[in-house]
Amino acid sequence: MSPPEHFVVEYAINPWMDVSTPVDTELAVKQWEGLRETLVRLGHQVHVLPPQPGLPDMVYAANGAFCVDGVVYGARFKYAQRIAEAAEHRRFYEQQQGWTFVAPGETNEGEGDFAYLPDALGGGVILAGHGFRTEVAAHSEAQEVLGRPVISLRLVDPRFYHLDVALASLDDRTIVYYPGAFSAASQAVLAQLFPDAVVADEQDALSFGLNLVSDGRNVVLNSDATALAAKLRQAGYVPVPVELTELKKGGGSVKCCIAELRP
């Protein structure tokens, strides 16, 4: 995670960003700290990546890389405003003993568009989004780097510009997703592969409810996503709501703030 000490909305690179809407950076830091404390309380270790002036979107740490079993596939950001973030993430991963960092040749935004399910479909599988930020060519590149099958899913609604605002893993083989974010063909693929998925509706998605992290039992999600929290509780999970009103102004919530490490 990377604290939002320099978080502002000075440019618009997704439909949620409005440069005319002021950001309370102090409140953003307070809410971010609440998220970090929630993860620690649930038993997780949190590494902190120092924020850098001039990189307001560094708080969305999920976008900086994607790793599986200590192999790290680096990010290559689409927009110029975020390109310099990739080097900060690379520095962090290259300092981790025993990890292997692989620089990308294709445009991709890390866990923003990649999700890993270790036990799905009889073995580890990667779900990968494309359509707005990550190029589909990055999917085959990630497959070669990480040695896991990659299933490409086309995003078609610009409000859900990253996979992680439209789909999330709940445990090693179960997902929750909003069908309307995907093309008809991708919806058919998801329905076939994950017949037992939790299916979210548009309001769940618009409240950033799908931008969540789960440890297989506890599901940390945006406090606005009350309807989705009820669905998850009914499915046997424990919803853990957190408030992130300021960070939503940049187009992100819980998952965007967290890069999951898989050593």
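Guide: **Helix α1 and the cores**

In α1, the buried residues are A28, Q31, W32, L35, T38 and L39. Buried means under 20% relative accessible area, exposed means over 50%, and partly exposed lies in between (1.4 Å probe, protein chains only). Seen down the axis of α1, these buried residues fall within an arc of 115°, so they line one face of the helix. The arc is taken from the directions that run from the helix axis to the C-beta atoms.

This is a predicted model: local features need pLDDT of at least 70, side-chain atom pairs count only at pLDDT 80 or more, and totals for chains, interfaces and linings use all residues. Residues are numbered from 1 along each chain as its sequence is written, and side-chain values use heavy atoms, with hydrogens and water left out.

Now the helix itself. α1 covers residues 25-41, 17 residues in total. From first C-alpha to last it reaches 24 Å, close to the 24 Å expected at 1.5 Å a residue. The expected span is 1.5 Å times one less than the number of residues. Helices (H or I, at least four residues) and strands (E, at least two) are DSSP runs, numbered from the N terminus.

The face turned away from the buried side carries the exposed residues E26, K30 and R41. The buried residues pack against β10 (213-214), β11 (218-222), β12 (238-242) and α7 (245-248). Contact here means heavy atoms within 4.5 Å.

Look at the two ends. At the start of α1, a side-chain oxygen of D24 comes within 3.2 Å of the backbone nitrogen of E26. Such a polar contact is a pair of N or O atoms within 3.5 Å; within protein, one must be able to donate a hydrogen and the other to accept it, and residues adjacent in sequence count only if both atoms are side-chain atoms. After α1 comes G43, with a positive phi near 100°.

Next, the cores. A nonpolar core is a set of buried Ala, Val, Leu, Ile, Met, Phe, Trp, Tyr and Cys residues joined through side-chain atoms within 4.5 Å. The largest has 37 residues. Its members that touch the most others are L127, L167, I175, V176, F182 and L232. Among the elements giving it two or more residues are β11 and α6 (226-234). A second, separate core has 22 residues.
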